[in-house]
Amino acid sequence: MSIAAMQTIEQDRNHVWHHLSQHSVLKTQDPMIIVKGEGSRVWDIKGNSYLDASAGGVWCVNVGYGRTSIADAISQQLSTLNFFAGTAGTIPGAVFAEKLVAKMPGMSRVYYASSGSEANEKAFKIVRQISHKKYGGKKYKILYRERDYHGSTIATLSATGQEERRQQYGPFVPGFVEFPHCCEYRGQFGDVDNYGELAALELENAILREGPDTVGSVILEPITAGGGVITAPQGYWPKIQEICRKYNVLLHIDEVVCGLGRTGKWFGYQHYGIQPDIVTLAKGVASSYAAISCTVTTEAVFQEFLADGAEKDVYFRDISTFGGCTAGPAAAIENMRIIEEEGLVENSALMGDYLLAGFQQLKEKFELIGDVRGKGLLLGIELVSDRANKTPAPEQVAIRVAAMCMQKGLIIGRTNRSFEQLNNTLCFCPVMTITQEEADFILQTLDSVFSELSL
């Protein structure tokens with residue numbers, strides 16, 4: 001290892017505060033420093049190469065690494081105009097907004113910010129402002145689902161159904177109310193034919209408990225990502241939309257992970273034939289070549305903020321400084337072109353089915369695997385210590401599997417300090433360009449790891 005590399009490691013060890021990390025371990029081991037990416041692969045500072053089945057560690061490098069055309073689009077835009085506050089428009093902001101809503105029938109307006117947490121905060125503020133404007137401040141409550149994740153700010157943690165994520169950060173924002181999840185594998189209704197509908201009725205029960213005249217919106221992931229890669233049972237989503245319409249509750253879909261093709265459609269909610277009122281996007285919008293998030297609304301929601309100029313408090317009184325950066329929409333335009341021209345939405349569906357079938361074969365072979373699930377290139381393997389009783393495997397088992405995969409050149413994700421007992425799901429979110437050969441490497445590596453664990 002070069003002197004420069006050792007110097008970088010020490011600079012990192014001494015001065016960088018990493019996400020989700022206990023830094024005491026870095027007293028005896030070097031921090032991992034990624035220095036290069038190309039396609040599906042990344043390299044660390046010590047020269048080790050890995051196939052990245054986590055799309056950057058947090059589900060976001062959708063079109064893969066080393067996309068010089070995106071870098072060129074950013075460079076060209078920044079040399080012309082790098083920024084102007086969102087009170088004015090920019091060319092890439094206007095162009096991308098039109099391209100985006102063209103993929104989202106029924107949606108019409110795009111509000112720019114810089115992170116998924118921020119996008120969801122904007123949505124919450126929209127709901128609260130409508131509550132004050134139309135309902136005297138009474139219809140302010142926001143319902144959220146157990147096991148879903150919506151961000152790391154205090155307000156978005158207030159809407160996150162993962163108890164360990166929330167620990168030590170309360171008290172939380174009032175007016176956020178949790179209702180039960182829809183994971184049929186860990187179902188609360190037994191063996192029934194209409195599980196999806198019964199799970200959806202938990203939303204109606206929560207609305208009725210709180211009082212329909214107090215509930216402004218519900219926020220849901222179309223496919224729960226970090227909470228265990230949970231797809232809803234048949235019948236769930238149509239019933240959810242029916243309930244929202246019945247009680248005049250805005251339906252807010254958090255597509256921060258699922259959006260822009262990852263699930264095998266442009267947006268996760270489009271698998272289910274529903275029409276949201278608000279959709280939030282971030283990670284895959286520009287494949288993390290630049291920071292950008294979008295809060296997308298229907299025209300009906302947007303119209304709530306139009307009034308005579310003399311009504312000074314009616315407009316959306318919000319600002320996102322970095323929502324005015326032009327790098328984000330410039331990157332997003334080129335990112336979308338790549339997805340379209342290379343058929344990456346279709347590849348996500350095709351390779352997702354291929355991986356899911358491979359995971360099913362692994363499940364038949366290894367008792368440690370209790371369930372496999374997902375859509376497109378958003379997949380999960382839930383580990384159990386007793387398959388018959390569905391006893392969750394300890395978190396240390398998932399940690400060990402991920403570490404063994406890393407040693408074999410494969411980076412995967414896992415539910416990480418999210419729950420008291422359910423940090424037992426391995427998460428797979430490879431780049432959308434993944435080939436069958438690369439998918440086979442993932443399956444072969446997992447087979448090897450599970451075989452070693454079974455010895």
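The lining of the largest cavity in this predicted model consists, by class, of 7 nonpolar and 2 polar residues, with no charged ones. The residues in question are Tyr112, Ala113, Ala291, Ile292, Phe322, Gly323, Cys325, Gly328 and Pro329. Two elements each give two or more residues to this lining: strand 4, residues 109-113, and helix 11, residues 327-341. The space inside the largest cavity comes to about 30 Å³. A search of the whole structure, with a threshold of 30 Å³ or more, finds 1 cavity.

Empty space of this kind is found by rolling a probe the size of a water molecule over the atoms. Pockets, which are open, can be looked at as well. The second largest pocket holds about 810 Å³ of space. It is lined by 31 residues, and those closest to its centre are Gly86, Thr87, Val110, Tyr111 and Tyr112. Tyr112 also belongs to the lining of the largest cavity.

Which elements give two or more residues to the lining of the second largest pocket? They are helix 4 (91-102), strand 4, strand 10 (293-297) and helix 10 (299-303). Strand 4 gives the most, with 4 residues. By class, the lining of this pocket divides into 18 nonpolar, 11 polar and 2 charged residues.

Another part of the structure to follow is strand 8, which covers residues 250-254. Is strand 8 mostly covered or mostly open? It is mostly covered, as 5 of its 5 residues are buried. In a regular strand the side chains alternate between the two faces of the sheet. In strand 8, Leu250, His252 and Asp254 point one way, while Leu251 and Ile253 point the other way. The residues on both sides are buried.

Strand 7, residues 215-220, pairs with strand 8 in the parallel sense over 4 bridges. One of the contacts between them sets leucine 220 against isoleucine 253, its bridge partner in strand 8.

How values were computed: Residues are numbered from 1 along each chain as its sequence is written. This is a predicted model: local features need pLDDT of at least 70, side-chain atom pairs count only at pLDDT 80 or more; totals for chains, interfaces and linings use all residues. Side-chain values use heavy atoms; hydrogens and water are left out. On a 1 Å grid over the protein atoms alone, a cavity is a set of points where a 1.4 Å probe fits but cannot get out, and a pocket is an open set with protein on both sides within 12 Å along at least five of seven lines; lining residues have an atom within 4 Å of a point. Grid points are joined across faces, edges and corners, and a volume is the space filled by probe spheres set on the points. Ala, Val, Leu, Ile, Met, Phe, Trp, Tyr, Cys and Pro count as nonpolar, Asp, Glu, Lys and Arg as charged, and the others, Gly among them, as polar. Buried means under 20% relative accessible area, exposed over 50%, partly exposed in between (1.4 Å probe, protein chains only). Two strands pair if DSSP finds at least two bridges between them.
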